[in-house]
Amino acid sequence: MNILLFGAPGAGKGTQSELLVKKLSFLQISTGDLFRAAIKNKTALGQTAQSYMDKGELVPDSVVIGMVDEVLANLNGKNFILDGFPRNVAQAEALGKILSQRQLEIGKAVFLEVPSEALLSRLTGRRVCKSCGAVYHIASKPTHKTGVCDSCGGEVIQRNDDKEDVIATRLKTYAESTAPLKQYYKSLGKLVAVDGDRNSEEVFVSIKAELGK
Ligand code: AP5
Ligand code: MG
Ligand code: ZN
């Protein structure tokens, strides 16, 4: 089954995707990660995306939708997780069209529910590996050696948009544009809400159960 994971910034989409990839062999499609890779590679797409990401705003729909369409054209039969896409109703509608053209389907839209009080400390304390993208937290999931990735030895850094002023805009963007997706997927009968305010393993067990595993 293909799924999509959505929720506020810091809700744990990346963390849960990492577990789904490792333990259930899903393919993770994270639009945020794809943009960060484009920025690192200094492509035109990266340049466009960065100007929005640095402010905590959404990258224009046409840019994101084209990028996802390209990834979905090259799946090689793997089950996938959409992490961070769609992010508004227009993107959700475009996704519906792309999927039906490619004879693909999303089985469940998993919403990670986390109270807003928890989000700020998750985001300000987050650190990520520059090389492999592994996600850490200074308090709840520190690396064994400060600044060094446990999995690949890469450099572990803070994301550019994990600064308090940018976080505030991201949370506002989420409330205005992304939260309405709950209603959208509920009306399609695909919405599953999972309590994301528990430790990652517990959250993962709930998601697994929703997938019938
Ligand atoms: P994106 O990279 O998707 O960022 P986001 O949605 O803000 O989400 P995050 O990655 O910040 O949070 P997460 O839910 O993955 O949490 P994580 O697992 O890391 O997008 C970045 C930007 O790109 C956007 O602002 C936008 O500009 C652009 N963009 C991307 N997609 C787009 C689209 N479709 N359309 C337009 N623009 C787009 O966890 C966070 C922290 O909490 C970590 O430190 C982790 O260790 C910790 N943590 C996780 N789970 C738990 C737990 N259960 N308990 C305690 N701590 C936990
Ligand atoms: Mg993420
Ligand atoms: Zn790494």
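How far apart are the axes of helix 4 and helix 5, and at what angle do they cross?

Entry 1. I worked from a predicted model, in which local features need pLDDT of at least 70, side-chain atom pairs count only at pLDDT 80 or more, and totals for chains, interfaces and linings use all residues. Residues are numbered from 1 along each chain as its sequence is written, chains are lettered from A and ligands numbered from 1 in the order in which they are written, and side-chain values use heavy atoms, without hydrogens and water.

Entry 2. I looked up helix 4 (residues 61-72) and helix 5 (residues 89-101): their axes come within 11 Å and cross at roughly 30°. Helix 4 is therefore roughly parallel to helix 5 (angles under 35 degrees count as such). I listed the contacts (heavy atoms within 4.5 Å): D61, V64, I65, D69 and L72 of helix 4 meet A90, Q91, A94, L95, I98 and L99 of helix 5.

Entry 3. I then followed L72, which also touches I29, F80, R102 and L104, among others. L72 is one of the four residues, with L20, L82 and I207, that touch the most other members of the largest nonpolar core, which has 47 residues. Such a core is a set of buried Ala, Val, Leu, Ile, Met, Phe, Trp, Tyr and Cys residues joined through side-chain atoms within 4.5 Å; buried means under 20% relative accessible area with a 1.4 Å probe, protein chains only. Apart from this core I found another, of five residues, including C129, Y136, C149 and V156.

Entry 4. I checked helix 6 (residues 116-124) against helix 7 (residues 164-178): they pack at about 135°, axes 11 Å apart. L119, L120, L123 and T124 of helix 6 and E164, I167, R170 and L171 of helix 7 make the contact.

Definitions and conventions. Buried < 20%, exposed > 50% of the residue type's maximum accessible area, 1.4 Å probe, protein only. Axes fitted to C-alpha atoms, helices over the stretch in contact; angles between N-to-C directions. Helix = DSSP H or I, 4+ residues; strand = E, 2+ residues; numbered from the N terminus. Parallel < 35°, antiparallel > 145°, perpendicular 65-115°, else oblique. Lists of a residue's contacts leave out its neighbours within four places in sequence.
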